[in-house]
Each structure stands twice: as C-alpha cells, then as structure tokens.
Amino acid sequence: MSSDEDARRAAHGVADLFAGERLIAVPRRPARRVQLLGYLAARLFTGGRVYTEREVNEALATVHGDTSALRRYLVEEGFLGRTRDGSVYQRLR
C-alpha cells in the first residue's frame, strides 16, 4: 500500500478498518459506516460513469468478500444510485 493511500484512509478516518488492501471490519455504528462508505465510493467508483452490477461487485470484491452487503449500504446511504431492476449503478456523491 502506498503512503498516498494511507493518507487518504487517515483523512477519511477509516485506516483502522483495513489490513493492507483488505477491509477487515464493517462498522455497526451508522456514522462510522458512512465514513467507510464515503471512502469506498471515492476510491472505487468514478462519478458520472455507469456500472453494471457485476462491475460494482468486482470493485467491492477487491476490498471485501461481502459485496452484496457493501453494495446495499452504498445504495441505502446514497453513495450509489441504481435502476429499479438493479442492473445499472452510478456514483451519486
């Protein structure tokens, strides 16, 4: 991991949730989870780009095995938007 990446995690306050490149804990506290989701959205997804569900899962799998939970949290907190059928996703914030 680069020192730039360490600095970004520290700035988002999520460095302690990672071991190397892998996310080791998804916070239960909503405010803490929102910090993590903001970091993940900024790191893994480009604003304005359209993603398929498969692409979202592949991006999330690079940091954690439970892609469906992370994807759901990202949508629920408004970091990702999706079509009604869940086939298309886009970063919102």
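I began with the hairpin: β4 and β5 form it, with 5 residues between them. In its turn, Gly86 has a positive phi of about 75°. Strands here are DSSP E runs of at least two residues and helices are H or I runs of at least four, numbered from the N terminus.

I noted the ground rules next. This is a predicted model, where local features need pLDDT of at least 70 and side-chain atom pairs count only at pLDDT 80 or more, while totals for chains, interfaces and linings use all residues. Residues are numbered from 1 along each chain as its sequence is written, and side-chain values use heavy atoms, without hydrogens and water.

I then looked up the strand pairing (DSSP must find at least two bridges between two strands). β4 (residues 80–82) runs antiparallel to β5 over 3 bridges, and Leu80 stands opposite Arg91. β3 (residues 50–52) also pairs with β5 (residues 88–91) in the antiparallel sense, over 3 bridges. There, Val50 has Gln90 as its bridge partner.

I wrote down the sheet order: β3-β5-β4, open, 3 strands. β3 and β4 are the edge strands, each pairing on one side only.

I turned to the largest nonpolar core and found 21 residues. The term covers buried (under 20% relative accessible area, 1.4 Å probe, protein chains only) Ala, Val, Leu, Ile, Met, Phe, Trp, Tyr and Cys residues joined through side-chain atoms within 4.5 Å. Phe18, Leu40, Phe45 and Leu74 have the most contacts inside it. I checked Leu40 beyond its neighbours within four places in sequence: its contacts (heavy atoms within 4.5 Å) are Phe18, Phe45, Val63 and Leu70.

Conventions: Buried means under 20% relative accessible area, exposed over 50%, partly exposed in between (1.4 Å probe, protein chains only).
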